[in-house]
Amino acid sequence: MAQCVTKVELSISCENLIDKDVGSKSDPLCVLLQNVGGDQWAELDRTEKIKNCQKPEFSKKLLIDYYFEKVQKLKFGVYDIDNKSYDLNDDDYLGGVECTLGQIVSSKTLTRPLELKKGKPAGKGTITISAEEIKDTRIVSLQIEAQNLDKKDFLGKSDPFLEFYKPSDGGKWQLVYRSEVIKNNLNPCWRKFSVPLQTFCGGDFNKPIKVEFECIHPEKKQKKKSYKNSGIVRIKSCKIETEYSFLDYVMGGCQINFTVGIDFTGSNGDPKSPDSLHYISPNGINEYLTAIWSVGNVVQDYDTDKLFPAFGFGAQVPPNWQVSHEFALNFNPNNPYCQGIQGIVDAYRQALPQVRLYGPTNFSPIINHVARFAAQSAQQGTAAQYFVLLIITDGEITDLDQTRQAIVNASKLPMSVIIVGVGNADFKAMEFLDGDNGVLKSLTGEPAVRDIVQFVPFRQFLNAPREALSQTVLAEVPKQLVSYYKMQGWAPVKLPGAKQE
């Protein structure tokens, strides 16, 4: 298992960005991608969007795990955002740069010209990337309000916001946090925010912090002797908390339980026919098997007993040929566990000729099945077990509404759902469940409390190395695991640095 040496925080700023907007300056955002093999790239993080700016200094830092033993190829892309969609394909590209994380950390600050494509500069645009190691896992949580502010706008009330700066090398001030703008309000209360202590003050409580927020009105001060200020900024709450990482939980004893659900519906085609998605080629593989191997090989490292429950859905099952939406691949409902990933593969091969592919394609029974185990685990109140369900499907889902409800319910539990789509179907429903374009809601309008679904179409990885699929599919799991335990307020079972008995 690759050992994450440390976390690195990247600060991004740009200069001389090209203008894509007619009549106004671009609205830039920077996205960070990591190479996952071949020419496949997975998004790791992105900054906020800054309006009308050719020289942005982004306040949101990009976090990345630094592995000494891996060449981590990175790509920084700057986009002009003109809409609300999360997808960047419909936004103008202002240029990018490729480099390795090793290059950034060894030079601490790297400035490179932006390129529209290799060898084609993006005007005079440049990007500056500064790296800082995160040695401190504490975060500072602040809530701030202001009272009796001056009217600044000619026609309406003020639109106040705050900026926090820390001193950086060379006597400059570096932006560490910019609050949201509260429109037309002379008594604003900003959202509670959390910033890593390292970002906020370099972990040093005695370091000065500069808050940019004009409360003193110089003209009024000159005119009125009785003038005191243009309002008061008050800190409502300030807490120092510890933020645990994925590795803190895993190294602290959290087991990741891996379950597989395989689609045996008729739309896959007759397994004996070479154009079926279940057809096993002469060299012994198909897309279902490749997905099981590539994802399973990574996840199995985090599970000590290596016993994995494996289920099928959408088939008529012997002996009475009833349609089942959660039958054990080994036909033993009391003990559906397979020994290792090879055990899942063997059970799948043996089950295939014994069942009749049928329908409909219902996801909710198998999601609810794993959710029952996750709910039992959650009742223990410790960060001991997390559940990952891998569903491999040709995408023709029938029970979309029930599945939406199942996912919303599961978002409150220690579990994640990975969907790998095989074949060439239209996977719109799967992308909808992924929730990247907004929060997934149940039919009744209840939102998922966190994003737990990751959908990946297998066809994008047909010619990529095997590890590319697993790295993309599993990219979200660490974030999802941490978000669950953070929501619950649960520390790792064994705290980092604590002496083990």
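We'll go from a sheet to one residue in a loop, then to some charged pairs.

Ground rules: this is a predicted model, where local features need pLDDT of at least 70, side-chain atom pairs count only at pLDDT 80 or more, and totals for chains, interfaces and linings use all residues. Residues are numbered from 1 along each chain as its sequence is written, and side-chain values use heavy atoms, with hydrogens and water left out.

Start by selecting 193–196 and 232–242, strands S12 and S14. Together with S9 they make an open antiparallel sheet, ordered S12-S9-S14. (Strands are DSSP E runs of at least two residues, helices H or I runs of at least four, numbered from the N terminus; two strands pair if DSSP finds at least two bridges between them.) S12 and S14 each have a single partner strand, so one side of each lacks a neighbour in the sheet. Zoom in on valine 140: its bridge partner in S12 is valine 195.

Next, pick asparagine 268, in the loop between strand S15 and helix H5. It is buried, at 2% relative accessibility (buried is under 20%, exposed over 50%, partly exposed in between, with a 1.4 Å probe and protein chains only). Its contacts (heavy atoms within 4.5 Å) include Asp263, Tyr288 and Asp394.

Last stop: salt bridges, meaning a Lys or Arg side-chain nitrogen within 4 Å of an Asp or Glu carboxyl oxygen. The whole structure has 14. Show aspartate 45 and lysine 60, 2.6 Å from N to O. Aspartate 45 lies in strand S3 and lysine 60 in the loop between S3 and S4, so the pair ties together parts 15 residues apart in sequence.

Key: Lists of a residue's contacts leave out its neighbours within four places in sequence.
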